[in-house]
Every structure is written in C-alpha cells, then in structure tokens.
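Hi,

Here is the structure I said I'd pass along.

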Amino acid sequence: MLAIQVLINALVLGCLYACIAIGFSLVWGVLNVINLIHGSFIVLGAYLAWGAYNSLGLSPWYALLIAAPAFFVFGYLLQRLLLNRVITAPVLVTLTLTFGLDLILNNAMIYYFKADYRKLILNPPTGSISIFDVVVPVDRLIATASALALTFLLYLLLRRSKVGRAIVAVRLDRDAAVLMGVDVKSIYAIAFGLGAALAGCAGVLMALIFPISPLTSSAYLGKAFVVCVLGGLGSVSGALAGGILLALVEGVGSVYLGPAHAVTLSFVLLIIFLVVRPQGLLGRKGFE
Amino acid sequence: MFHPRLAVSAFSASLLLAAAGLGATSSVASAQDVIRFGAPLPITGPLAPEAVKQQQGYDLWAEQANKAGGIDVGGKKYKVEIVYSDYQSNTPRSVQTTEQMITQDKVNFMFGPFGSGAAKAASTIAEKYKVPMLAATASSSQVYDQNYKYLFGTFTPNDTLTTPLTQLVKAKAADVKKIAILARNDLFPLAIAQEMEKSAKANGLEVVYFEKYAINTLDHSATLSQIKSLNPQWVFVTGYTNDLLLIRKQMVDQQMKAGVVTMIAGPAYQEFIESAGQSAENISSASWWHPAEQYNGKDIFGTTANFVKLFKDKYKLEPDYAHASAAVCGALFQMAIEKAGSLDRDKVRDELAKMDVVTFWGPVKFGANGQINSLEPPVFQIQAGKPVVLFPDAIKQGEFKLGVN
C-alpha cells in the first residue's frame, strides 16, 4: 500500500513540477533565454492569490483569471522594453539581465511583503479523498487538473493559432521566419508574456500548497531547471514527462534512501541526463 | 582574472573608508560619553529574518537604557550605542566583522553573531582580544566546550528542551510507545533531534523512524507516507517556520493522526501560529523563553510582563524567545558594567562570571564554561490558537492535551 501511495504522490507532485516548469521551458525553448526571474514570478503569483483571498475574499480560481492577463502584460512589457535590446547578444548577457531583474523583484517583494512565511488557508478547507487507504489531497488534485489544462491550452495555442505557429516558426528558424514576414520582436514579447502568465498561474496554484515567501523563489527556479533538462526543451509534453520523472525519483529515493538523499539523487539524475541524453526525454527542436 | 591596478585601487579605497570610519568613531566619542556595543548580524541572506529579531531586541534595550539616562559607571552616565554590521549569513565573514569591530570600530563589548556555528567561530576573536561577548542565540554545548573566559550565552543546552518534553509525554500519555523523528539537516535542528532520540531511548520509547531532510526540500509527501505506515504515536519534527508549515500541511493532506506532534522551532513564533491556522492545534513545542512567563527581574525591564508590554508598544507584535534573549543580553551587560563601576573589560567579565540574578528572562547564572545553567526552558502547546505553557509547574497555564488531527 505504501508503494501505491508513494506512486500516487509522485504523479500528483510531478504535475505540479510541470506546472512550475512549463513557462520556463517555453521562454528557454523559443527565446533561448534562461529566465532567472521565473521563480520570482511564481512567488508574485502566489502573493496575488493570497492577497486576493485575504483582502477581497476572492477564491484562487478567480485569481487565476486576474493573474493570467496581468502577468502576460508584465512579461510582454519586460521583453519589449528591456530584454529585446539584448536578445541577440550572447546567452550570458540575457542571463545576467534576468538575474539582475530577479534581484530587484525579489528584494522588492522582501521589502513589501517581508520575508515571513505566509499560508493561504481556504475556509472551508478542501480536505483529502481516500480510496482504499490511498490518500490524495483535493487541493493538489485541483492544481494538477489545472496544470494539465494549462498545458493543453498552451499546446492548442501553439498548434492551432496563427500566433502559436509564428512562435514555433521563430523557434525553428529565426531568419526564415523573418523572411516570411513574422515580426520577431513582437513574437518574442508574446512568448515571454505567455511564459510569465504561466508562471503567475503556477504561483496562484502553488499558493494553495506551499508556504509563501520571497525566499522560496530559488527553490521553484531550481525545480524548473531540472524538469526542463530531464524532459527536454521544446516540447510541452516534455515538461510533463520531466516533472513526473523528477517527482518519482525524489519520492522513491526518499523512502528507500532517506529524504536527505532524495535531492542528491535528483541531481545525479540531472548529470546523467546531461552526459547521456542532453536533449532530454522528449526534446525536439520545434516547440509544439 | 586579476587586475593589479584594480586591486590596488580597491585596497586604497578600503583604507580610505577605514580611515573615515575611525574618524567618525573618535568624533562620536568626544561629543558624548558612550559605551559602544558591537553586534554582528546576518542582516542579508537566508538568516535575515533572525537578524531582524535580534536587532529589535538590542534596540529596545538601548532605547530603554538611554531613556533612563544611560548606563551608570561609577556615578557617571554613559549613553548606549550599538554598532551593527552585516556578515551576510556567512560564518567566516562574521569572524572578520567581529575583528573589525574590536580593532577598528573600537567597541567596548561584543554581542555574539546568530546561532551556534557563527557564535563559536566569532568567540575565538573575542577571546584573543579579551573582549566579553554575550551570545544571544547559541545553545549547542560545542560552543562552550572551548572553555573560553570571555564568552557567555543565554541559551541552555539543547537537552534541557527535549528532556522535560519526554517526561511530560511519559507522565500524561502512557500509551505513547513509538516515536518518529524527522529533522532538517542543519546544525541546530539536527542537534536537537539527536537529543530527542537520546532522551526517547533513555525513557524507553521505541524510535521507529529517524531521518534527516535536505534544506530547501519542497515536498515531504513520500517521507510522511512512510512515517504514517509505521504508526508512531509521537511525531517529532525539527526545522524552521517554512519547513514546519509545509510538513504540517502535508500531514493534514495525508490524514496523518498522532497522539502527540511536537515541532521545534516554529511554534514559538507568532507567524507559525497564524499561518498554520487550525492545523496548529495541540502542537507541542519547547523554547528558552515564553511571553507568558512571570519573572520579577532586577534588570532594566523588571517583570516579564513589562518587557512584553514595552516590546508590543514599540513593534506592535508579540515578542518571542529570540527577541527576548537579545534584549536580556543588553540588560545583563548593563548590570555587569554598573556593578563593576568601570568600563574595564576584565572587571566586567568577572562581574558576568559571578552573576546570580533574576531577570525578566528568568534566573541568570553562568556555568564555568560560560553557558547559562539556571534557566528552566518552558514546554508549551498551541491550544485554541494560543500558546499555553505546560511546564515548569511554577508558570503552568493549562493541561497537556492529546490528539493532533
């Protein structure tokens, strides 16, 4: 029974990890920018959910509707006004720029929200459901379902919409896309905006599950990074596969080797992947 | 890459800065008679929330001391000035900072940096320069086993928290036979978990699980499922506020129930109780001090209630043991200096060594190794959203309640 419980835990956690990583993967895949501000976007989304619930009584499900457009605009402007200026520079420059932006946003959050840990407590609590002694918390289930839905929406957007096709085209061959009349700068800004919107939504969902503090942003960023390497860049389903693989390794590792070694194990896996299969589980050049 | 010219200009810049610092020091000293206390703190970095607590404690004391005219040294009043410095949550830097404060900022006395590790490292410098150092947040016995003459600390050893807890559980919950211990892999949380293991074994409890989790662990579901399958009646978890909030939430998620759930060190902090909400109910814990204590002290704060009131007035929040320990360190220096009637470091050190006094923090008497040995740390439990003291009997506020759902 313990084995099944651990498996179920890992599946659910894997979807949460995918939710954390998907926006990061999109930006990395399309813009070739390692977006270090991603973790702070997630935390900001969590504060949005927390604030909306505690001061306006707005349930996190509605907060999702605010977070998505708000973060899209924020991300779009950031890319348009700042990142686009250095987007053609070597990867280290964009890395440094997002690192600096992350320091600013993170410290601004420490200043306004303080470093104290907060928790969004739903009233009434959502509780857990149990089937044959296997327990699954409802809030995690909902977050998992939302993560899957967001992933599916992104897939549809990239697959079916004109903007989505343009994003994929830019990812595949930037120069050819320019020749076809694609406005690369605005596509970059849209892709970055989408990444930020996904991070904001992830933050709203994570607020239900994890304690909220600016200090947790690096933990989210670390997970996103590992998930992208494991799952492979450039595919929506890669993030899902990477998330589930990571959660499984951590879960099984902490039961059989002890929780102190679970993190070690996940990074050993990361190194193995980098050496043996650098494109990840499902990595492809195009993003679809 | 190494740029000699850059290095030279950085070096000369730092010399200039140092000179400016020295200049500032002497002008302050001549303008008014002050006693300078050095306080190296992790103002930035992961330990920043702890630095804020200590700083609030020191500042409250300095404010009170100055409001009363200052510290009386042989009939002459001296103002208190606290010199802060940020060591960025980096222990080696706390050693440098301490040395800088003594040699360049010319402080008269030192407060220790945060926690056992940094306090142990920095105490070597204080000892070298024979500067009395009071450590507000160092509990591990390894800090004091160097037999330094100038180091004193206001936290009793870790086992003084776990032993009364075990005895209380044994007395009130006879059917608790199995304990599971989960510890954050970090100096203090691990040390206290190891003390708990010793204490449990000595009292005939079966330790069915003892594991460490890594710092920054984001999910504990697998670990908790495993603990649940072992059916312990007592779950003992150590960590900081963030870890404990997450673990408590995941325990509820997994529908884990136990007769006794103990968490150290989060529940002593008001932010834990607020953030955990209903799930904090009946969680037990222990700490070195509690605002519900009722001591009638001879220090500047007097009673515990007066300290709590002054603190609440100034900061609009309930003080916890970290705030109180910092404040009492200041108050102890004040008493030792006034008794010595001099700013001579050796005389003040001797007064600290033979101190035997009741304060708002509790009775204070240091052992030969410098660590306090007179304090009885309280055991408490969160009941109806409030911490209720269960031990020691003299300040008991309620009965131990079983059952954490």
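Let's start with a helix: H6 of chain B (residues 159–172) lies across strands E9 (234–238), E10 (260–264), E11 (283–286), E14 and E15 of chain B, and runs at about 165° to E9(B). Bear in mind that this is a predicted model.

Those strands sit in an open sheet of 7 strands in chain B, ordered E8-E7-E9-E10-E11-E14-E15, with mixed pairing. E8 (206–213) and E15 (386–391) of chain B stand at the edges with a single partner strand each, so one side of each has no neighbour in the sheet. From one strand to the next the twist averages 25°. At the E15(B) end, E14(B) (residues 379–383) runs antiparallel to E15(B) and is joined to it by 5 bridges, and B:Ile382 stands opposite B:Pro387 there.

Chain A comes in too: its helix H11 (residues 259–276) lies across E7 (178–184) and E8 of chain B, at about 30° to E8(B).

Now the packing. The largest nonpolar core has 104 residues, and B:Phe37, B:Trp61, B:Phe307 and B:Trp361 touch the most other members. Helix H12 of chain B (residues 321–340) gives the most to this core, 13 residues. Both domain 1 (33–156 + 293–365) and domain 2 (159–287 + 378–395) of chain B supply at least three residues to this core. Beyond its sequence neighbours within four places, B:Trp361 is in contact with residues including B:Trp288, B:Trp289, B:Tyr295 and B:Tyr321. A second, separate core has 87 residues, among them A:Val27 and A:Tyr53.

Finally, an unreviewed UniProt entry annotates residues 35–375 of chain B as "domain: Leucine-binding protein"; that stretch is 44% helix and 20% strand.

Cheers

Definitions and conventions: Residues are numbered from 1 along each chain as its sequence is written. Chains are lettered from A and ligands numbered from 1 in the order in which they are written. This is a predicted model: local features need pLDDT of at least 70, side-chain atom pairs count only at pLDDT 80 or more; totals for chains, interfaces and linings use all residues. Side-chain values use heavy atoms; hydrogens and water are left out. Two strands pair if DSSP finds at least two bridges between them. Helices (H or I, at least four residues) and strands (E, at least two) are DSSP runs, numbered from the N terminus. Axes are lines fitted to C-alpha atoms, for helices over the stretch in contact, and angles run from 0 to 180 degrees between N-to-C directions. Contact means heavy atoms within 4.5 Å. UniProt positions are given in the numbering used here, feature names are shortened, and annotations may be inferred rather than shown by experiment. A nonpolar core is a set of buried Ala, Val, Leu, Ile, Met, Phe, Trp, Tyr and Cys residues joined through side-chain atoms within 4.5 Å. Buried means under 20% relative accessible area, exposed over 50%, partly exposed in between (1.4 Å probe, protein chains only). Domain bounds come from an automatic or database domain assignment.
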